[in-house]
Amino acid sequence: MYRSNNMKIRMMAIVVVALVSIATVGAMTAEDIVRQMDALETFETSYAEGEIVTTDRFGVKTSTFRSWSRGAYDSLIEFTSVAERGQKVLRTEGELYLFYPDAEELIRLQGAALRQSMLGSDISYEDMTGEKDTLSQYEVKLLGNERISGRDCFVLEFAAKTRTVAYPMQKVWVDTGTYMVWKGEFSTKAGRLLKEMAVLETMTVDNRTLPKITKISDKMKRDSATEMRLTHLDIDVDLDPVIFTLQNLTW
Amino acid sequence: MKFLVVLACKNLTRYKRRTIITAVTIAIGLMLFILIDSILIGVDRESVRNLKWYETSSVRIMATGYWEDRLMLPLDVSIDDPYTKVQLLREHGYDATPRIMFAADLILYSEDFGEDGNLPVQVTAVDTTLDNTVFRFEDTLLEGRFAESGKNELVIGSWMAEDLQAEVGYWVTLVTRGNGGFFEAMDMQIVGIVNCPNPNVNRSLLMVPIDTVADYLAMENLATEIDIALPESADTDVEAQAITRLMAESGKGTTVMTWKDLAGDYLAMMQAERGGSSTMLFLVFLIAAVGISNTMLMVINERTRELGMMRALGMDDRSIHWLFMLEAGGIGLLGSSIGVALGMLANIYIVQEGLDFGFFMREMDMAYRVQSIFRGAWSLRSILTTFFSGIFLSMLVAWIPTRRAIRMDIPSCLRHQ
């Protein structure tokens, strides 16, 4: 009798916990999910090493890089592969600068120039160093849940609030547990698919699950894809503030 | 002096062969000069015409700040309410049309083109009604028809069509960024191929209706430029000032530029090429000068004894110097007359028929806005300059050897072998 009661209590506890969990998840709005998603991608500071592998009809090209970031706006990327060694991209709030060591030239990119492809990849400068404040730019709608790469994901639809964002429509699959974006579809206002992003491999850093290998395909250019592979990532590390200055860029 | 002129003429006829050979050398040099100069003037004039007719128009209005960022073809630096401004310009007698220029990726599909591909392009969105009042594409249609208002239709330059192996009826997609920065993709059907005399335009032209594009790119009631055609006789700078005043009256925020400002790169290149052409013309002259100089040296060397004898008989040095100068001038006159006559005869063909450099222009991106036939142009000033330069130059190059011979003493002259 005692055993039977004990079983009942345990069963009830499990049901209660499950219901509370479902209720918690269910209570999350699309905006909450996006905030979690943005928070996951924003670090106090970070240092990363990796490579960009670009595949097009001319072949495969690999460029390696190191990058530093601070908060949502400041980032510096330095290319280390032979062909691009020393090229740097600095983004501070609202500004983007390129440095070419061979020409010893510093170029400030603005307006349409930010939309140029970086190193011939499917990633533009603004994609690489974009500011992470999704809710100020998009209206978000939760479409439901789907499984991607064996993980349960929220399916979110983003509709641009302004004309100043690159992709008027986005559909993203956000992990319900880790809030990492597993997949993204980027479209025109009329819904024409332009780019697709998929995370192929993840890594855990400081209890966060983050993309390790991300594939970006330009759907308008067949046989064109770019893989961003992170080989090393440290987050919340001590960084010298000088890193994000123009003086540092030309050194 | 009369005696010297008669003697010089007699000497020229006495040494017929030498006179003719030297005169022919001068004539060939001057004839080449006239022809090259004619082609350069003709090409320059035609280039300017083709620039204005197909590329820059005579005067262009842009939003303030657009010119500085023009290479990026920004859509956010645009002219508000362009049709009101066009209307105002038309009321003041100016033919004007709005245009939107934007950069795009041209996506080609294997279904039509045999293989998939893409290339960066510049697209010109035109008002299908007004554009032909400013630009002259009307007579350049090679195949198909022009794009119709509001439709997803595209007209392409014939060289570009050849390079892409594009045909009327093929579909392409233009992927671009709209006003603000959002991505947009537009499917367009090629409905016409134009063969424009301006190679730069023919090599890169993609023309679409402005209303179609305005809808896609959030450019409703906006344009990146208003182009204005002026009559050939108009003073562009004066008209540009008048248009600037007119625009200032209708509101702020616009800049007016003439075709000379817009084609500054072209004009700078022309300037450089003119420098090269002048060097070439100078070399042609130099060849003629060396010929004359050589002949005069030979003449003076052969006639040193004669020169000594004339001096021994009492002819003063100044008269002898003049005699030789007149002889040189006589050869120059003969050579210049033949050269100018031959040059003008050959120039009739060059002006009317021209020389076909199409094979050259197709492969090379030169500054000249002439597609294939390089036609010459008449320039009375050049012909007269050439004629008198031939005579003057002949006399000039005879100066030094004559002077040297006169410096010899009379016995040395008489003993000269």
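These legends go with a set of close-up views of a predicted model.

**View 1. Chain A, taken as a whole.** Here we start with chain A, which has 5 helices and 13 strands. The chain runs to 251 residues, and 29% of them count as buried. If you look at chain A contacts between residues at least 6 apart in sequence, 44% of them join residues at least 24 apart.

**View 2. Where chain B touches chain A.** On the chain B side, 19 residues are in contact with 18 residues of chain A. Two elements of chain B each give two or more residues to this side: strand E7 (171-177) and strand E8. Sorted by class, the chain B side comes out as 9 nonpolar, 6 polar and 4 charged residues.

**View 3. The largest nonpolar core.** This core has 99 residues. Val174(A) is among those with the most contacts inside it, and so are Leu154(B), Ile156(B), Val172(B), Val208(B) and Ile228(B). Strand E8 of chain B (residues 183-194) gives the most to this core, putting in 8 residues. Apart from it lies another core, this one of 42 residues, including Ile34(B), Ile292(B), Phe324(B) and Leu326(B).

**View 4. Zooming in on Val172(B).** What does Val172(B) contact once its neighbours within four places in sequence are left aside? The list takes in Leu106(B), Ile107(B) and Leu108(B), along with Leu154(B), Met188(B) and Ile190(B).

**View 5. Helix H2 against helix H15 in chain B.** Two packed helices are described by the angle between their axes and the distance between the axes. For H2 (residues 16-54) and H15 (residues 380-407) of chain B, the angle is about 150 degrees and the axes are 10 Å apart. That angle makes H2(B) roughly antiparallel to H15(B). Their crossing is right-handed. From H2(B) come Ile26(B), Leu30(B), Phe33(B), Ile34(B) and Asp37(B), which meet Ser382(B), Ile383(B), Thr386(B), Gly390(B) and Ser394(B) of H15(B). By class, that contact has 5 nonpolar, 4 polar and 1 charged residues.

**View 6. Helix H11 against helix H15 in chain B.** H15(B) turns up again here, with H11 (residues 264-302) of chain B as its partner. The two axes come within 9 Å and cross at roughly 35 degrees, and the crossing is right-handed. On the H11(B) side you'll find Phe285(B), Ala288(B), Ala289(B), Ile292(B), Ser293(B), Met296(B), Leu297(B) and Ile300(B). They meet Leu393(B), Ser394(B), Val397(B), Ala398(B), Pro401(B), Thr402(B) and Ala405(B) in H15(B). The class count for this contact is 12 nonpolar, 3 polar and no charged residues.

**View 7. A glycine in helix H2: Gly29(B).** Gly29(B) sits in helix H2 of chain B. Is Gly29(B) buried or exposed? It is buried, because 27 other C-beta atoms lie within 10 Å and the cut-off for buried is 20 or more. Leaving aside neighbours within four places in sequence, Gly29(B) is in contact with Val284(B), Phe285(B), Ile287(B), Ala288(B) and Gly339(B). Thr385(B) is 356 residues away along the chain, and 14 Å separates its C-alpha atom from that of Gly29(B).

**View 8. A phenylalanine in a loop: Phe357(B).** Phe357(B) lies in the loop between strand E13 (355-356) and helix H14 (358-363) of chain B. With 18 C-beta neighbours inside 10 Å, Phe357(B) counts as partly exposed. Beyond its neighbours within four places in sequence, Phe357(B) is in contact with Ser372(B) and Phe374(B).

Terms used:
Residues are numbered from 1 along each chain as its sequence is written. Chains are lettered from A and ligands numbered from 1 in the order in which they are written. This is a predicted model: local features need pLDDT of at least 70, side-chain atom pairs count only at pLDDT 80 or more; totals for chains, interfaces and linings use all residues. A nonpolar core is a set of buried Ala, Val, Leu, Ile, Met, Phe, Trp, Tyr and Cys residues joined through C-beta atoms within 7 Å. A residue is buried if 20 or more other C-beta atoms lie within 10 Å of its own, exposed if 12 or fewer, and partly exposed in between; C-beta atoms are placed from the backbone. Helices (H or I, at least four residues) and strands (E, at least two) are DSSP runs, numbered from the N terminus. Two residues are in contact if their C-beta atoms, placed from the backbone, lie within 7 Å. Axes are lines fitted to C-alpha atoms, for helices over the stretch in contact, and angles run from 0 to 180 degrees between N-to-C directions. Angles under 35 degrees count as roughly parallel, over 145 as roughly antiparallel, 65 to 115 as roughly perpendicular and the rest as oblique. A crossing is left-handed if the near helix is turned anticlockwise from the far one by less than a right angle, and right-handed if clockwise. Ala, Val, Leu, Ile, Met, Phe, Trp, Tyr, Cys and Pro count as nonpolar, Asp, Glu, Lys and Arg as charged, and the others, Gly among them, as polar.
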